[in-house]
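Open the model in your viewer and keep the selection tool ready. We will go from one stop to the next.

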Amino acid sequence: MSTPLVSRQQEFSAWVMAREAPATTLGLLGDARASSETRLGVYRNAYAGRIIATLRDDYPALRSALGAAPFDALAADYLHAHPSQHPSLRYAGARLPAFLAEHEAVRSVRASAPWAADLAHLELAVTDAFDAADAQALSRADLTALPPQHWDALALALMPGAQLPTFAWPVRALRAAHDAEQPLAFDALAPASERVLVWRRDERVLHRECSAEEHALLAHVARGVRFGALCALAAEARGEVAGAAFAASLLARWVEDEVLVTCS
Amino acid sequence: MTEGGRGALPRPPEAPYLGVGIGLRPRHYPEIVACAGAGADFFEAISENYLIAGGRPLRILGEVRELAPLVLHGVSLDLGASDPLDASYLRELAALAQRFQPAWLSDHLCWTAQGGAHLHDLLPLPHTEESVRHVAARVRAVQERLGRRIAIENVSSYVRFAGDELSEGEFLAAISREADCGILLDLNNFFVNAHNHGDDADAAVAALDPARIFQIHLAGPSEDGALLIDTHDHPVRDEVWALFERAIAKLGPVSTLIEWDDLIPPWERVVAEAARAREIIEKAWSVPARARAT
């Protein structure tokens, strides 16, 4: 139903979100202190400023790598294409990696910084892991207490929020350099496939590179797999004995890293 | 002399005097935990910052809740919007309140989204009878969903609509009456609007029913040309301290919160502002020192 209030809010939001300020001032009142254009401009500036500031916080390495002004221009393009759809600013930047990878408006960014979408993807994974659900990590004590006949049936699952992205560019180094307050050597970056595990441990988000074999097995764990089945999967490449030994070594590392959760 | 004596006006039953609190911000987490919350009689958390699945923020909020009373203050209830109320958001907010048991919840008298797009700003409503009916109905629906009264906060504004029928104080008073809800009285916002629009901040306070005032907010604005902007990035201004003294003298002890959202200073400086507010209240009224009702 269209009422004066609905119409006013439609006009007001369209004015605030428009790329270029429309000529109309929506019948709002100006006075000697400030014109209606100046007064409306406060809302326009706040809208873009607040969301772009959030994107700066969410994608700090990408901002460092692109430079402050190019990043802000990218963020403005993104905001125009993808207005926030969630009550929390936390999710305002969730579509930036896909935007960087696919959108026509940022073709020039892709040409000059072909690693940008991968870096954005990594940074989004870090944000998502940071406030993912809490869970009890599978511990060495859990394994020690497990009777040998139950090992095959041991259900494995990844920590909530853990992700397994694959990148065409070695972008972990960029984020790691940013976190260490080191210069980002993105000029010398060459394409190189990188399979990554991102997860949270002790309230810190960690990421490390995995071999193709480990990454594939972790993908099975992400879908839910029993240890016996994991051994069988490892055996396909390595044979039964070596496969079981490899699966056991991975399990030990994952437990040490607190990548897995306890399953009932 | 006891709290509420000497002519203090009636307090809302669900909003007892908690003292002077401080807005919970991640920058201060280490200091708050290290000093066990000393300096704040209660904390106010931004609801949206904790509508998450897990991790450090929720763990810290749980620890803070053990130190002092907590209130939840939202920015996205969208009480003035024309989009339907967000059932998912309300469900998450109800779950957060169930988990952390805040003394009360509040949000703003404004709209923030339209047609599914969230502008993440406290956008102004025309002060009309239509707006009163519209917002009051939504507040009632929220209160029914949460099973409790909420407090609505007056916002700073930079525009006024042709055809406004009510003053800002009358507008807030009418909605709180029609919705039977509480009021979060932001004195800085009344001061900002007095500057920006030539309103009378004292008259706006006087228009409100004291029995509905759950809480007071104090913050500092910034200047943008001839306008004041509600940025919460400066100390409370002297004019707002004076307005606070006059309001407290009339209302009695009201739970008061110091709010910073940007250029957030060290914990000690915020504690000093809280101490100043506490001194003003305790000079005017006899209240239990650093009362910590739970």
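Two strands pair if DSSP finds at least two bridges between them. Strands (E, at least two residues) and helices (H or I, at least four) are DSSP runs, numbered from the N terminus. This is a predicted model: local features need pLDDT of at least 70, side-chain atom pairs count only at pLDDT 80 or more, and totals for chains, interfaces and linings use all residues. Residues are numbered from 1 along each chain as its sequence is written, and chains are lettered from A and ligands numbered from 1 in the order in which they are written.

**Stop 1: between the chains**

Select strand 1 of chain A and strand 8 (residues 160-161) of chain B. They run antiparallel, joined by 2 bridges. Find L29(A); opposite it stands R160(B).

Now widen the view. Here 41 residues of chain A are in contact (C-beta atoms, placed from the backbone, within 7 Å) with 38 residues of chain B. Helix 1 (4-17), strand 1 (28-29) and helix 2 (36-58) of chain A each supply at least two residues of the side that touches chain B.

**Stop 2: a sheet in chain A**

Which strands form the open sheet in chain A? There are 3, in the order 3-4-5, with antiparallel pairing. Strand 3 (166-167) and strand 5 (204-210) of chain A each have a single partner strand, so one side of each lacks a neighbour in the sheet. Select strand 4 (residues 194-201) of chain A: 7 bridges pair it with strand 5 of chain A. One bridge partner to find there is V205(A), across from R200(A).

**Stop 3: a hairpin in chain B**

Select strand 5 (residues 111-114) and strand 6 (residues 117-123) of chain B. They pair antiparallel over 3 bridges. Q114(B) has A117(B) as its bridge partner. Between the strands are 2 residues, and G115(B) takes a positive phi near 60°.

Methods:
Two residues are in contact if their C-beta atoms, placed from the backbone, lie within 7 Å.
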